[in-house]
Amino acid sequence: MLVKNQIYEALVTDYTAEGQGVAHIEGCAVFLPNAIAGERVRVRIEKAQKTWASGKIVEILEKSPHRVNRECPVAKLCGGCDFWHMDYAEETRLKAERVKTCLNRIGGQQLETVPILAAPTCYGYRNKAQYPVAVKKGRAFAGFFRAGTHEVVENSRCRILPPEADLVKDKVIDYVNQYRVPVYDETTHTGLLRHIYVRRGAVSGQVLVCLVVNGEKLPKAQELIRRLETVPGFTTLVLSVNTGKGNAVLGDKFITLHGPGYIEDTLCGLTFRLSPRSFYQVNHHQAQRLYETAIAQAGITKQDTVLDLYCGVGTITLAMASAAGKVIGVEVVPQAVEDARDNAKRNGIENAEFFCGDAGQAALQLEREGVRPDVVVVDPPRKGLNADTIEALSRMSPRRIVYVSCDPATLSRDVALLKERGYELKTAQAADLFPRCAHVETVVLLSKGEIDSKNIRVEFSLEDMDMSEFQDGATYPQIKAYVLEHTGLKVSSLYISQVKRKCGLEVGKNYNLPKSEDSRQAPTCPPEKENAIRVALQYFGMI
């Protein structure tokens, strides 16, 4: 076991999913922020467990040719970006490698490479910002959270945001300090202003400002509007009422103080209305390339019905409408569905329908009503598809499934589940929509293989089946793979089941027993492995 605060020499060989470097010292995986594969470094151990540790680089002995000087002065403090210490070529390489590794290890594929759509620029591409607001020495300021904390790091100019976003932030903070608008304190649940949310249309240039507040009124609102009117493109000001104590940024109630309450932008040749809750990709140029790839993979004809689950404001749905006979969009956010219907009208699209509801439940309901889509498009949140959606896709049996994902691990889990249901991965394409950040988008095409049902004989007993594979979330092998990849720990199915039970999750009937029939009592999961399993369950959206 490595010793805390002791300095070791190591070779950085790989990266974690979050972009940290990985080295191995005395058989222990050591995770190092701001490291680059191929570098030989001296590291100080900051946390040590039996099979893994985290450390900090104190000296670079052999520097990678991909290392560059950071252009952002707060890059090592701010939790927003991860890769200002390396050149863009290495960043895109590691992202493509991550997608390939996940699809092979978790998804059961044998891909040699995965191509990636690199971004043309790393600057000013992000069309949405959410600044948490804090107070220091009696002065309000805004910035971004330090990684893993709620400590706000002030940043006068964010390199990945358009200048209008930072200008709005500065105008709001000036107003707050001048009129002594109370800033929200999450420990006491007092104060008013929580977040400054800015969205800018990449083509239209229109700017939406949404202030997240612990209340329903804003003092001296006209004074703020007067300031914001000097921001190029300022179109509307909205209050988002969030009086809850959780970590959610936006509330459920919105009050428009100026303008229409939304902005417009153009994507894939169509005009879209965007409200604060509307999902819209943050990188316009790369989103268009991503959607063009998805549409090309779908192979739609005029005879096809297309079902788009997690449709947001209808970007992919409406972009596919001209090629399809009918398109159906499903989205759980009511405001986004309203925007999607409005977007269909404003673009003169008459063969599109939109439904508000959970993707899995809505898909099952459509299947019960006899809807049999030829092509299904899914673009789920980070936790991936739930069990209902997987079941609905299996029963609908579309010819093709186009899966757009923001998380390679949950994508790969779902690819494995769909593979079990007769779908074969045909293509995989990574796309960098988040330059300088660890996230990566992927679009894959899954196609239904032909099965000769005359020559298949299946014998099974429902009583003996392990139904844990069909539960909402990751399977036991996927949880094991995640824990091993991120911590170096090997965990058993028994330990996973114990932790799942503690978290109130169901487990298969045989997963709570030790392997040996002579064992009177099952071994208890060690604390470090329990913590690692809990992290994996959170990652896969199971808790």
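Hi everyone, let's start with confidence: the mean pLDDT of this protein is 88, and 91% of its residues reach 70 or more. pLDDT is the predictor's confidence in each residue, from 0 to 100. Over residues 450–472 the pLDDT is below 50, and beyond near neighbours in sequence this stretch has 23 contacts in the model. A contact here means heavy atoms within 4.5 Å. Residues 509–521 also stay under 50, and there the model has 15 contacts beyond four places in sequence.

Some ground rules before we look around. This is a predicted model, where local features need pLDDT of at least 70 and side-chain atom pairs count only at pLDDT 80 or more, while totals for chains, interfaces and linings use all residues. Residues are numbered from 1 along each chain as its sequence is written, and side-chain values use heavy atoms, with hydrogens and water left out.

Now to the sheet. Helices (H or I, at least four residues) and strands (E, at least two) are DSSP runs, numbered from the N terminus. Seven strands form an open sheet with mixed pairing, in the order 9-8-7-10-11-12-13. Two strands pair if DSSP finds at least two bridges between them. Why is one side of strand 9 and of strand 13 left without a neighbour in the sheet? Strand 9 (152–154) and strand 13 (253–258) stand at the edges, each with a single partner strand, so one side of each has no neighbour there. From one strand to the next, the twist averages 35°. For angles, axes are lines fitted to C-alpha atoms, for helices over the stretch in contact, and the angles run from 0 to 180 degrees between N-to-C directions.

Let's zoom in on one pair. Strand 7 (residues 128–136) and strand 8 (residues 139–145) run antiparallel and are joined by four bridges. Lys136 has Arg139 in strand 8 as its bridge partner.

What lies across these strands? Helix 2 (residues 163–178) lies across strand 7, strand 8, strand 10 (193–200) and strand 11 (207–213), running at about 150° to strand 10.

Helix 2 has a helix partner too. Helix 2 and helix 3 (residues 221–228) pack at about 150°, with their axes 10 Å apart. That makes the two roughly antiparallel, since angles under 35 degrees count as roughly parallel, over 145 as roughly antiparallel, 65 to 115 as roughly perpendicular and the rest as oblique. On the helix 2 side, Val168, Lys171, Val172, Asp174, Tyr175 and Gln178 meet Leu224, Arg227 and Leu228 in helix 3. By class, this contact has five nonpolar, one polar and three charged residues. Ala, Val, Leu, Ile, Met, Phe, Trp, Tyr, Cys and Pro count as nonpolar, Asp, Glu, Lys and Arg as charged, and the others, Gly among them, as polar.

Next, helix 1 (residues 88–105) and helix 9 (residues 408–420) pack at about 30°, with their axes 8 Å apart. Helix 1 is therefore roughly parallel to helix 9. Arg98, Val99, Cys102 and Leu103 of helix 1 make the contact with Pro408, Ala409, Leu411, Ser412 and Val415 of helix 9. Those residues divide into seven nonpolar, one polar and one charged.

Last stop: the axes of helix 7 (residues 359–368) and helix 8 (residues 387–396) come within 7 Å and cross at roughly 25°. These helices are therefore roughly parallel to each other. Their contact has six nonpolar, three polar and five charged residues.
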